[in-house]
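Try each task before reading its solution.

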Amino acid sequence: MKIKDVMKREMLVLRPYHVLKDAIYYFLKDKVEIIPIIDNQGIIIGVIEKDNVLDLFVNDRSFLTHIDEIMNINFKTVSQDDMVTEFSDEKQALMVVDHENQLLGMLTYTDLLKALGKIQKEEKEELKEILNCTNHGFIVTNLSGCITRYNKASIRILDIKCKTLIEKNINDVFPQASLVEVIEKGENIHVEKILFNDKTLICDRILLYANNVAVGAVVVFKDQSELQSVIDELSTVQKLTKKLDAIIESSYDGIYITDGHANTLIINKAYERITGVKREEMLGKNMAELVEKQYVSKSVTIEVLKSRRTTTLCQEFKTNKKALVTATPIFDEKGDIGLVVTNVRDVTDLAKLNKQVQKNKELAEKYYSEIKEMRLQLLSDVDVIATDDKMLEIMRIANRVAKVDATVLILGETGVGKEEVAKYIHRNSNRKDNQFIKVNCGAIPENLIESEFFGYEKGAFTGAATEGKRGFFEIANGGTVFLDEIGELPLKMQVKLLRVLQEQEFTRVGGVKLIKIDIRVLAATNKDLKEMVAANTFREDLYYRLNVIPLTIPPPSSKEKRHFSFN
């Protein structure tokens, strides 16, 4: 309860030009105990109390004495937003003022006592209701073991049939609690199992003190079977929460989640990468505050809370990066917005991120032979010809997704044309003028696969080339990498591949410098990756990162024709 909830807003006031006679008149007429004195701007400058006026009258003080000569300037001022309980020790009236000390109201000592009494009564009733709502049983006794208080849960758990336990002895109701023994020893006993009839109860037995003197004891208990069901349910929820957190964190797009009041709850790692803003700077803060401090140019979350529907807009961050954000409201069972989930996609000019690489003739000669070898895998002129309806639909989809710079997972049996579809996507993409690198994940020995993927520095291992070597991803920079037979990739390399997909960066074997790349990844397999995820032979987060756009190529039927023509 705040001061403004109980203060008097309409009150009698005097000004410095009033005299003692005026004060006596108003005290008698309005039967008040204290009157505030304000100046011409409404600022309180003092108070005059009824008892003081009577003393002045008895001492024959002139009725024409000005108020400002006899007023009391030692008065207590408070804000209307202060809590009443903060002034429980006050013995005088409280003058309520604003930040400029202008008088807003008054809380007399009598009104303060009434308000504190009301709060005490409400808290007592609230405590009683809370204790009756809890699933834990509790019984309070005095030093003699007589029950003075208990809740409904104790009746239910102990299966007691009588109407009341008040004044009954604890030993007659719940002898196993041994509260009298706890009182005699003066020691608390926590988390102890007690057998009562056919139940196992988890009990705490605690001494109660008043002014450092023991006045009784309380036993708090819970049926172990009920507690176990809660533990099992909590474990299930924790597992689901952990999976959800992993999915959110592995998302390539940024994810930003607030509650129904625009307070920030969750930010994933991709959001940090896209915006350049650390999540620690924004977690727990309200979107209005973040807009005011220019972390973001405008808040799509606030727009959603106003419109109550999905909204998309372009957002600029304090790092000068830009992103396209789409926010969706999540409604609770009452129809209120409980959460707002925002999806964030990078639209910052990638050219700003590219650094001018210093030309080096020696390095160019070193890499020339490797590039020439990789170019042999490049798509020349390829025409795909399909006559069956299913394959024609697949090619139409491939043509559409070719322009979208997203990861594609191509599924199908061996020999159905997965590699040709990958080449078709590259040829029709914005990266068609750059490298198309095919990597057969099942054909590279496990001990060489990391150095083949990411390259190595000179002297990284025995037998390494003295000048080092670039890997497939570095050579394919600006183009497309086709990871054939992705299901054969060892688990250790799956972790490293996931980082490349998320961060577009890696480190050579034996190196420490991060190498930034800009590639599109296409992957293919004839295996069921979902089954491999369930069998823990393929990472779930990598699966979702690859499966952004899935294409399943069906095998040709005996009546249908399909072939690929290379010009």
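**Exercise 1.** Find the place of glycine 468 in this predicted model, and decide whether glycine 468 is buried or exposed.

*Solution.* Start with the chain: glycine 468 sits in the loop between strand S19 (455-456) and strand S20 (469-470). Next, take its relative accessibility, which is 1%. Buried means under 20%, so glycine 468 counts as buried.

**Exercise 2.** Describe how helix H14 and helix H15 pack, and say which residues make the contact.

*Solution.* First, locate H14 at residues 389-402 and H15 at residues 418-427. Their axes lie 8 Å apart, at an angle of about 35°, and the crossing is right-handed. Then list the partners: H14 brings Met391, Met395, Ala398, Asn399, Val401 and Ala402, while H15 brings Val421, Tyr424 and Ile425. Finally, sort them by class: eight are nonpolar, one is polar and none is charged.

**Exercise 3.** What is the volume of the second largest pocket, and which residues lie nearest its centre?

*Solution.* The volume of this pocket is about 400 Å³. Of the 21 residues in its lining, Val32, Glu33, Ile34, Thr108 and Tyr109 lie nearest the centre. Now look at the elements around it: strand S1 (34-38), helix H3 (50-58) and helix H5 (109-133) each supply at least two lining residues.

Technical notes
Residues are numbered from 1 along each chain as its sequence is written. This is a predicted model: local features need pLDDT of at least 70, side-chain atom pairs count only at pLDDT 80 or more; totals for chains, interfaces and linings use all residues. Side-chain values use heavy atoms; hydrogens and water are left out. Helices (H or I, at least four residues) and strands (E, at least two) are DSSP runs, numbered from the N terminus. Buried means under 20% relative accessible area, exposed over 50%, partly exposed in between (1.4 Å probe, protein chains only). Axes are lines fitted to C-alpha atoms, for helices over the stretch in contact, and angles run from 0 to 180 degrees between N-to-C directions. A crossing is left-handed if the near helix is turned anticlockwise from the far one by less than a right angle, and right-handed if clockwise. Contact means heavy atoms within 4.5 Å. Ala, Val, Leu, Ile, Met, Phe, Trp, Tyr, Cys and Pro count as nonpolar, Asp, Glu, Lys and Arg as charged, and the others, Gly among them, as polar. On a 1 Å grid over the protein atoms alone, a cavity is a set of points where a 1.4 Å probe fits but cannot get out, and a pocket is an open set with protein on both sides within 12 Å along at least five of seven lines; lining residues have an atom within 4 Å of a point. Grid points are joined across faces, edges and corners, and a volume is the space filled by probe spheres set on the points.
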